[in-house]
Amino acid sequence: MMHTLLDGITTAKQRRQDLTQNIRALRTKNIFPHLAVVRVGDDPASQAYVTIKQKICATVGIDTTLHELPKEASEDEIHTLIEALNNNPEVDGILLQLPLPGHLNARQCLNCIAPEKDVDGLTDIHAQNLAKGTPGVIPCTPLGCMNLLRAYNLSVRGQTVAIIGRSPLVGTPLRYLMEQAGATVNVIHTRTCNPHLIARHADILISAAGVPHLVTDFWVKNGAIVLDVGITRHNNRLVGDVDFEKVAPKTSYITPVPGGIGPMTVQSLLENTLKLSKMRNN
Ligand code: NAD
């Protein structure tokens with residue numbers, strides 16, 4: 001079967017044109033969208049992600065400030081920093097770069113972010129809003145997945161969807177978004193028996209496990225749409241959860257890694273920052 005690549009780079013660039021114009025219009029009114037990034041520790045992958053996000057923000061006219069804490073920082077120190085950013089009138093969005101060093105409780109740290117500045121929609125309030133279908137901030141990666149499908153006119157209504165992974169960052173919010181868009185959703189996780197038997201019934205299969213080459217051809221229905229959210233550094237290169245060579249020929253549409261969900265996630269971050277800036281300034 002001929003498959004089409006779901007090109008996150010091109011789709012994100014197209015969406016960025018609109019966004020840039022919107023931001024330009026705000027800046028002429030002396031409104032300067034501003035994202036504050038908090039990074040704890042010296043994990044090189046986190047450093048690289050933050051650098052990329054700041055560079056892309058600069059290209060669209062979003063101001064950023066980087067607030068770094070050492071890897072041994074306490075939760076109190078993080079709370080104090082986030083509280084200061086909550087109270088800083090120049091800051092529209094706060095991003096706490098994950099993962100945090102192991103001694104820190106990520107949920108408690110995230111919940112210090114004021115909901116109106118929570119650019120990744122990961123505070124409990126936004127998670128509850130999403131579960132109830134109440135408008136709020138939608139986490140960047142699930143939003144990127146939905147926007148990528150929409151860009152290719154791929155409707156999820158009435159489709160059977162399988163999501164591998166149930167984290168608060170990706171799998172769980174994506175499940176709600178899919179259900180609210182009319183899909184029937186199965187969530188696969190580490191306790192799922194015979195996950196491949198569930199996966200291979202899916203019209204749309206999304207993998208967010210972080211396990212390289214977990215999904216191989218016998219997990220995938222003929223003609224399925226496959227989104228690979230996973231990113232793992234393996235033998236010095238980035239690989240997804242999906243064994244692309246084996247799986248792609250069975251699919252109708254599939255994301256590459258890199259170049260699929262990653263750029264759409266960054267694009268969602270920009271869009272969420274703009275949304276928060278507009279909300280605060282209206
Ligand atoms: P996580 O570790 O918090 O959650 C992983 C989930 O996958 C868990 O729910 C777990 O039950 C499930 N899982 C793990 N191994 C499994 C297996 N063998 N079978 C079935 N289920 C399994 O991770 P996360 O933060 O949700 O991220 C998942 C992956 O997505 C990672 O590779 C991460 O780097 C990547 N990610 C990519 C982007 C992007 O922009 N492309 C954004 C966020 C996360």
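Modeller: Start with Gly 136, which lies in the loop between helix H5 (124-132) and helix H6 (140-151). Helices (H or I, at least four residues) and strands (E, at least two) are DSSP runs, numbered from the N terminus. This is a predicted model, where local features need pLDDT of at least 70, side-chain atom pairs count only at pLDDT 80 or more, and totals for chains, interfaces and linings use all residues. Residues are numbered from 1 along each chain as its sequence is written, and side-chain values use heavy atoms, with hydrogens and water left out.

Biologist: Is Gly 136 buried, partly exposed or exposed?

Modeller: Buried means under 20% relative accessible area, exposed over 50%, and partly exposed in between (1.4 Å probe, protein chains only). Gly 136 has a relative accessible area of 22%, so Gly 136 is partly exposed.

Biologist: Which residues does Gly 136 touch, not counting residues up to four places away in sequence?

Modeller: Contact means heavy atoms within 4.5 Å. By that rule, Gly 136 touches His 126 and Lys 275. As for Pro 115, 21 residues apart from Gly 136 along the chain, the two C-alpha atoms are separated by 9.0 Å.

Biologist: How many salt bridges does the structure hold?

Modeller: Here is the idea. Side chains of opposite charge can pair when their charged atoms come close. A salt bridge is a side-chain nitrogen of Lys or Arg within 4 Å of a carboxyl oxygen of Asp or Glu. The structure holds eight.

Biologist: With which residue does Glu 271 form a salt bridge?

Modeller: With Arg 15; the closest N and O atoms are 2.8 Å apart. The pair links distant parts of the chain: Glu 271 sits in helix H10 (residues 261-281) and Arg 15 in helix H1 (residues 8-28), 256 residues apart. Glu 271 is buried at 18% relative accessibility. Arg 15 is partly exposed at 30%.

Biologist: What does the pair of Arg 27 and Asp 63 tie together?

Modeller: Arg 27 forms a salt bridge with Asp 63, with the closest N and O atoms 3.3 Å apart. Arg 27 lies in helix H1 and Asp 63 in strand E3 (residues 63-69), so the pair ties together parts that are 36 residues apart in sequence. Both count as partly exposed: Arg 27 at 28% relative accessibility, Asp 63 at 29%.

Biologist: Where are Asp 92 and Arg 280?

Modeller: Asp 92 is in the loop between helix H3 (75-86) and strand E4 (93-96), and Arg 280 is in helix H10, 188 residues apart. They form a salt bridge, the closest N and O atoms being 2.9 Å apart. Asp 92 is buried at 2% relative accessibility, whereas Arg 280 is partly exposed at 31%.
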